[in-house]
Amino acid sequence: MDSAFPRPFPALTPAQRYHFDVFGYVVVPGVLSPAECAAIQAAMRRVRSEIRARPAGQAQGPGEPKFIMDLPHHVFMGDLIEADPLFAAYATHPRLVGFAEEVIGGEARIVELNAHLNTQRPDYTPAENPRFDFHNGTDVPFSSHTKHGLYHCNFVKTLTNLTELGPDDGGTVVVAGSHKLDLPVEEMVARAYEDRSLIHQVVAPAGSTLLFAETLIHATGQLRSDRERAIIITGYGSTMMPYWGGAPLTPTFTAAVPESLRNLYFGKAHWTRGPRYRLLADPVDARTFTLADGWHGPA
Ligand SMILES: O=C(O)CCC(=O)C(=O)O
């Protein structure tokens, strides 16, 4: 399956896989190096400036990035695949694709590629118990199944923090365990506010990846420090799912995608989905991959 696109399987250690199953997420440190984090951040800031410099009302062209949210303290950018070779390399990073495929239980395709740059909200006031913009991307009965006793989800995110995340730096918050519960989201959120030990927050060194099922309720955390947070997120789905980023890719980019990555970029209009399952005790495939092993787009 992966001779032309080597990627790890299983991509998680048994303990990481157990953590993922129990809580709906796992944070894996050291996925990107400090230099890789710095380079992706620089590209994000450049793209933010370029979008801001566009004439007002200019339509988004093929392959062009956009703001999903544009506030003075928080820019959420989408459709990043062609905006910089490092973004394409991030989405095709073999370890990250391996993470997604392990959770999907089959072959992955890219469904979106986004990034956030945010600082403290202007209305921030030190508060004991902040509220969050909690949401999930899919529902438990539709998107979940189990195999060999392990949980799988057909919509997965790999969210990498490019800046250090201490407790005050606004790391992603999640309602632990909500990925398995077929209950109304608002009910689970209400219970989590009653018992805040159910709300877990990412506190991790730069270059760590939060791997989570989109059935898991999550939100941007409260940023209390004076630092800017930078994160990049690929959404992956099963190969039969469509791409739901906005702008289509350009013909130049599309034509250049190598055969080995066509399912990853374009999915496959077929019921087959390349099932791939592990046992909990299976050891991790510990091969080392870097951003250089991802595909950087047309030369
Ligand atoms: O900002 C975060 O940490 C979470 C981002 C998020 O929920 C999203 O992009 O859908």
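## Getting started

Helices (H or I, at least four residues) and strands (E, at least two) are DSSP runs, numbered from the N terminus. This is a predicted model, in which local features need pLDDT of at least 70 and side-chain atom pairs count only at pLDDT 80 or more, while totals for chains, interfaces and linings use all residues. Residues are numbered from 1 along each chain as its sequence is written, and side-chain values use heavy atoms, with hydrogens and water left out.

## Backbone details to look for

The peptide bond that joins phenylalanine 9 to proline 10 is cis, and its omega is near -10°.

Next come two residues with a positive phi. Aspartate 79 is not a glycine, yet its phi is positive, at about 55°. You can find aspartate 79 in the loop between strand 3 (74-78) and helix 3 (85-91). Histidine 148, also not a glycine, has a positive phi of about 50°, and its place is the loop between strand 5 (144-147) and strand 6 (150-153).

Are these residues buried or exposed? Buried means under 20% relative accessible area, exposed means over 50%, and partly exposed is in between (1.4 Å probe, protein chains only). Aspartate 79 has 6% relative accessibility, so it counts as buried. Histidine 148 counts as partly exposed because its relative accessibility is 48%.

## Around the ligand

The side chain of histidine 116 has an N or O atom 2.9 Å from an oxygen atom of the ligand. For threonine 172, a polar side-chain atom lies 2.6 Å from a ligand oxygen atom, and for arginine 229 an N or O atom of the side chain is 2.6 Å from an oxygen atom of the ligand. Taken alone, the ligand exposes 290 Å², and the protein buries 92% of that (Shrake-Rupley method with a 1.4 Å probe; for residues, only the protein chains shown count as cover).

## Asparagine 161 and its contacts

Asparagine 161 lies in strand 7 (residues 155-161). It is buried because its relative accessible area is 2%. A polar atom of the asparagine 161 side chain lies 3.0 Å from the backbone oxygen of threonine 163, and one lies 3.3 Å from the backbone oxygen of alanine 204.

Contact means heavy atoms within 4.5 Å. Setting aside neighbours within four places in sequence, asparagine 161 is in contact with Cys37, Ala204, Pro205, Ala206, Gly207, Ser208, Ala230 and Ile231.

## Threonine 119

Threonine 119 sits in the loop between strand 4 (108-118) and helix 5 (140-143). With a relative accessible area of 29%, threonine 119 is partly exposed. Apart from neighbours within four places in sequence, threonine 119 is in contact with His73, Leu223, Arg227 and Glu228.

How many residues apart along the chain are threonine 119 and alanine 230? They are 111 residues apart, and their C-alpha atoms are separated by 9.2 Å.

Note on methods
A polar contact is a pair of N or O atoms within 3.5 Å; within protein, one must be able to donate a hydrogen and the other to accept it, and residues adjacent in sequence count only if both atoms are side-chain atoms.
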